[in-house]
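Please look through the structure below before reading on.

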Amino acid sequence: MIRDITLGQYIPGKSFIHRLDPRVKIIITFVYIVFIFVASNFEGLLTMSVLILGILLLSGVPLSQYFKSLKAILFVVIFTSVLNLFYGSGNVLWSWGGIQITSGGVANAVFVTIRIISLILFSSVLTFTTSPTELTDALERIMKPLKLLHVKVHEIAMMMTIALRFVPTLLEETDKIMSAQKARGADMESGGLMQRIRALIPILIPLFVSSFRRAYDLAMAMECRCYHGGEGRTKMKVLHATSLDAVAVVVSMVVCAAVVACNLYFPAVLH
Amino acid sequence: MAIIETKNLTYTYGQGTPFQKTAVENINIAIKQGEFIGVIGHTGSGKSTLIQQLNGLLRPTSGTVLLNGKDIWEDPKKIRSVRFKVGMVFQYPEHQLFEETVLKDIAFGPGNMGLGKDEILKRARAAAEFVGLKEELLEKSPFELSGGEKRRVAIAGVIAMDPDVLILDEPTAGLDPRGRDVLLSQIVTYHKTRHNTILLVSHSMEDIARTADRVLVMNAGHAAMFDTTENVFACDRELEKMGLRVPQITKIMAVLKAKGYPVGTALTVEQALKELIPLLGKGNRNHD
């Protein structure tokens with residue numbers, strides 16, 4: 001069922017990861033994601049993976065939740081790894097016509113798969129352990145310097161809060177509308193590609209209409225409570241970095257340094 | 001023979017996850033052809049989960065739903081044909097409208113049944129008439145209509161499939177008092193003309209008392225009572241324990257009776273009137 005999609009859902013808890021300052025978490029996540037791509041060989045990538053595994057366990061979120069978020073992108077993982085099978089050189093393992101699979105291709109495929117899985121798991125940690133409010137609060141703070149360039153930082157953060165807030169609501173709504181159209185005999189499980197695309201119309205149109213209705217209602221409710229943007233607005237919860245954050249930063253720096261070292265000492269997998 | 005029957009029907013949400021929750025447990029009910037059934041229950045009592053299993057939108061975790069004596073999940077590929085026989089109008093059904101014109105939207109259901117074009121239009125027009133939609137509205141966009149009219153269009157969309165069983169989940173929620181009365185009496189008229197089976201889910205005890213032959217009371221996932229409307233509304237203490245109540249007029253009559261007045265029970269204001277008028281007459285004569 002559509003409600004089973006867990007990507008981007010907060011799971012409350014009190015673990016070490018939950019208690020980190022969200023600003024630190026966002027920056028570390030960003031740096032890690034960059035380093036997942038910087039790592040050019042198995043040694044470096046495995047260092048990252050071990051760290052990610054440790055963080056998953058530390059987060060106290062049931063591992064089944066992480067598997068669920070992987071399931072949502074299973075297709076992408078399979079697609080890219082199969083595509084990568086056919087690239088690369090080395091010993092030919094299997095060939096048919098002009099197509100051949102080489103040892104280099106297999107290494108590529110495995111490498112890319114680990115990369116994508118790490119990427120998804122890592123970003124899941126951020127969204128599972130950080131509430132949407134904390135997340136946007138932190139983003140607003142991180143982006144504050146952009147105000148000098150006349151970027152509307154507060155408005156962007158508010159839009160993100162609202163968007164995140166409405167993800168579960170919209171999923172629920174989609175579920176309801178799908179049920180209602182199925183009750184009228186809509187067929188969404190069979191037919192060719194065009195037929196299936198056409199079958200989405202009875203779901204997408206009501207969904208759009210209700211999103212607009214919700215947007216108007218929300219705007220009205222915000223104005224009724226005198227919302228007027230970020231000017232002079234104070235925070236109920238002011239973010240503070242603690243010694244926990246220092247630990248996280250130091251560990252991260254060590255791991256990143258290790259990845260760079262691996263890159264220098266071992267040959268790269270992808271060419 | 002019962003048109004719809006459930007055997008040990010149980011539904012569990014999120015089975016095998018930490019959020020596992022049994023919404024409906026071990027329901028055994030049989031509904032006869034042509035009956036008008038009221039379904040009442042506190043929010044979260046499992047009403048919606050129950051009715052969604054009756055037309056195959058949810059597949060029971062265990063137990064079976066029999067339609068005309070046949071298990072509806074016998075062949076999962078044919079579940080769509082069950083949905084044409086058991087029509088379902090959801091809460092706030094106006095949110096599901098999507099077509100360019102009202103007529104096209106009503107025709108969506110019959111169109112999915114694979115009928116001929118003339119038959120589809122005939123049914124759509126007949127359904128529109130049943131719910132009291134004016135002819136000139138049929139070519140308008142459904143999004144231009146008022147809330148009450150949209151509701152009618154959505155209900156017509158299900159009626160147009162000519163289902164043997166019609167399930168309505170709070171069809172009058174959010175309508176003004178007059179809209180409620182009109183819609184409700186249209187549903188009753190529809191029931192009387194087509195002689196089909198209707199399940200009406202409602203939080204309004206007055207609506208249920210006015211329409212239903214029998215009432216199913218859901219409580220914490222169980223079928224707490226399933227009896228004639230009179231018998232169910234005679235148990236006001238049990239109902240109150242489940243967060244429900246009897247119709248106000250029934251309560252008034254019960255209080256009068258407890259005070260020693262020679263009155264019977266009543267489910268509707270009309271019934272109460274019949275009981276009370278002779279009493280008033282007597283009162284007047286005494287004063288004369």
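**Two helices in contact**

In chain A, V77(A), T80(A), S81(A), N84(A) and L85(A) of α5(A) meet G105(A), V106(A), N108(A), A109(A), V112(A), T113(A) and I116(A) of α6(A). By class, this contact of α5(A) with α6(A) has six nonpolar and six polar residues, and no charged ones. The model shown here is predicted, and every value in this text is computed from it.

How do the two helices lie relative to each other, and at roughly what angle do they cross? Helix α5 covers residues 74-85 of chain A and helix α6 covers residues 103-129. Their axes come within 7 Å and cross at roughly 155°. Angles over 145 degrees count as roughly antiparallel, and α5(A) and α6(A) are therefore roughly antiparallel to each other. The crossing in which α5(A) passes α6(A) is right-handed.

Now take chain A as a whole. Its secondary structure comes to 10 helices and two strands. Read along the sequence, the pattern is α-α-α-α-α-β-β-α-α-α-α-α. The C-alpha trace of chain A spans about 70 × 60 × 40 Å along its principal axes. Of the 271 residues in chain A, 37% are buried. Among the contacts in chain A with a separation of 6 or more, 74% are between residues 24 or more positions apart.

Two buried residues of chain A can be followed one by one. N41(A) sits in the loop between α2 (22-38) and α3 (42-58). Is N41(A) buried or exposed? Its relative accessibility is 0%, so N41(A) counts as buried. A polar atom of the N41(A) side chain lies 3.0 Å from the backbone nitrogen of G44(A). Leaving aside residues up to four places away in sequence, N41(A) touches F111(A), C262(A), N263(A), F266(A), P267(A), A268(A) and V269(A).

The other residue, H154(A), belongs to helix α8 (residues 153-183) of chain A. With a relative accessible area of 7%, H154(A) is buried, because buried means under 20%. Which side chain does the side chain of H154(A) contact? The partner in this polar contact is the side chain of E140(A), at 3.0 Å. Again not counting residues up to four places away in sequence, H154(A) touches E140(A), Y227(A), G229(A), G230(A) and R233(A).

Chain B comes next. Its helix α1 (residues 47-54) is mostly covered, with seven of its eight residues buried. The buried residues in α1(B) are K47(B), T49(B), L50(B), I51(B), Q52(B), Q53(B) and L54(B). After α1(B) comes G56(B), which has a positive phi, near 75°.

Most residues other than glycine have a negative phi. In chain B, H195(B) is a residue other than glycine with a positive phi, near 55°. H195(B) lies in the loop between α7 (177-194) and β9 (197-201). At 54% relative accessibility, H195(B) counts as exposed, because the cut-off for exposed is over 50%.

A220(B) also has a positive phi, near 45°, and is a residue other than glycine. Where is A220(B) placed in chain B? A220(B) is in the loop between β10 (214-219) and β11 (222-228). With a relative accessible area of 60%, A220(B) is exposed.

How values were computed. Residues numbered from 1 in each chain as written. Chains lettered and ligands numbered in written order. Predicted model: local features only at pLDDT ≥ 70, side-chain atom pairs only at ≥ 80, totals over all residues. Heavy atoms only, no water. Helix = DSSP H or I, 4+ residues; strand = E, 2+ residues; numbered from the N terminus. Buried < 20%, exposed > 50% of the residue type's maximum accessible area, 1.4 Å probe, protein only. Polar contact = N/O pair within 3.5 Å; in protein donor to acceptor, adjacent residues only side chain to side chain. Contact = heavy atoms within 4.5 Å. Axes fitted to C-alpha atoms, helices over the stretch in contact; angles between N-to-C directions. Parallel < 35°, antiparallel > 145°, perpendicular 65-115°, else oblique. Left-handed = near helix turned anticlockwise from the far one by under 90°. Nonpolar A, V, L, I, M, F, W, Y, C, P; charged D, E, K, R; others polar.
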